[in-house]
Amino acid sequence: MKADLIKNILYAGIVGDTLGVPVEFKKRDTYYVDAMISGGTWEQDAGSWSDDTSFTLPLVESLTEKSDYEKLMQKFENYMFHNKYTPKGIAFGIGGTCAKAVRNWSTNHYSALECGDPSEYANGNGALMRLAPLAIHLQTKKNLSERLKLTKNYTSLTHRHARAIMGSYIYLEILHGLLNGKNLNDILKDLPEQLKVALQNEPDEWSEFIYYRDIFTPGFKDISRNNIKSTGYDVDTLLACVWCVLNSKSIDEAILMAVNLGEDTDTIASITGTLASCVYQTDTVNSEWVAQLQNKEPLDSIIDPFIMVETKKVGQN
Ligand SMILES: [Mg+2]
């Protein structure tokens, strides 16, 4: 993959997160955001990115270092308890399931792959929000079963229920198709059958597909905005993100559409930004928004080495 594309994908996610922070949890249509603003839900300065980015950066670092799941949990702990990977030395906005998983590792000494909550009530979007770097890392991996296995493991660090795992499968496989030159509509047409075959020995996982099936139903794009939920439930989030991308023509337009859906604005806009930047690969996320991000030093110092590794892998720059 090309360096510029990797950078744009990661920055589109960070910008989406940041634009959504001041209006997280707000009801739809009680506000309109089209710029980096200060104050709001978390009373942060304009350009402050949140847990979505702070959980993504450790994964970027871990993939660069080729380190294991335990070391990745250590990095999550460094974020949650020691404020690493934050714009201003303060961790904020961490979801309950992610926090519980980090505590399971740190305090209860669970092994990394056992830390995620397996409950049906722990199907929030907290794994989905950090997985963009994994899609970049898996772009050259041809074997679907191997991709699914890694996706499952990286999801399970915080979310172990099969529904969250299925959400990650769908999201990562959409990104994989896009990063390998397929168009979104063709991916949506082919993916259900591919997953069904690949998961024929995993009926508990495959049975969760039904929750996400609207994404693959012809006419999903034309569902009215009123019928698109924008909560932090993994299913609502993924549907909202795909819907925003299907109904926009640029990265910025998709991100703003997502930010203005209300409720889990930062995570939905972050994932939408990632998805849109893989769909519109000749477009770039608004450079003024990127310039307004707080504390870009840790972002670039973690992302640039990752880009070095990933671009070398396929002999491209
Ligand atoms: Mg957040």
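Asn295 sits in the loop between helix H13 (287-291) and helix H14 (296-313); helices here are DSSP runs of H or I, at least four residues, numbered from the N terminus. Its phi is near 45 degrees, a positive value in a residue other than glycine. At 34% relative accessible area, Asn295 is partly exposed, a label for anything between buried (under 20%) and exposed (over 50%), using a 1.4 Å probe and protein chains only.

Asp29 also has a positive phi, near 65 degrees. You'll find Asp29 in the loop between helix H1 (3-20) and helix H2 (51-65), and its relative accessibility of 54% makes it exposed.

## About the model

This is a predicted model, with local features needing pLDDT of at least 70 and side-chain atom pairs pLDDT 80 or more, while totals for chains, interfaces and linings use all residues. Numbering runs from 1 along each chain as its sequence is written, and side-chain values use heavy atoms, without hydrogens and water.

## Cavities

There are 2 cavities of 30 Å³ or more. A cavity is a set of points on a 1 Å grid over the protein atoms alone where a 1.4 Å probe fits but cannot get out, and lining residues have an atom within 4 Å of a point.

The largest cavity holds about 140 Å³ of space. Of its 21 lining residues, Gly13, Thr56, Met129, Ala132 and Ser270 lie nearest the centre. H1, H2, helix H5 (132-137) and helix H12 (265-279) each give two or more residues to that lining.

The second largest cavity comes in at about 50 Å³. Its lining has 13 residues, with Thr18, Pro22, Ile37, Asp45 and Gly47 nearest the centre.

Conventions: On a 1 Å grid over the protein atoms alone, a cavity is a set of points where a 1.4 Å probe fits but cannot get out, and a pocket is an open set with protein on both sides within 12 Å along at least five of seven lines; lining residues have an atom within 4 Å of a point. Grid points are joined across faces, edges and corners, and a volume is the space filled by probe spheres set on the points.
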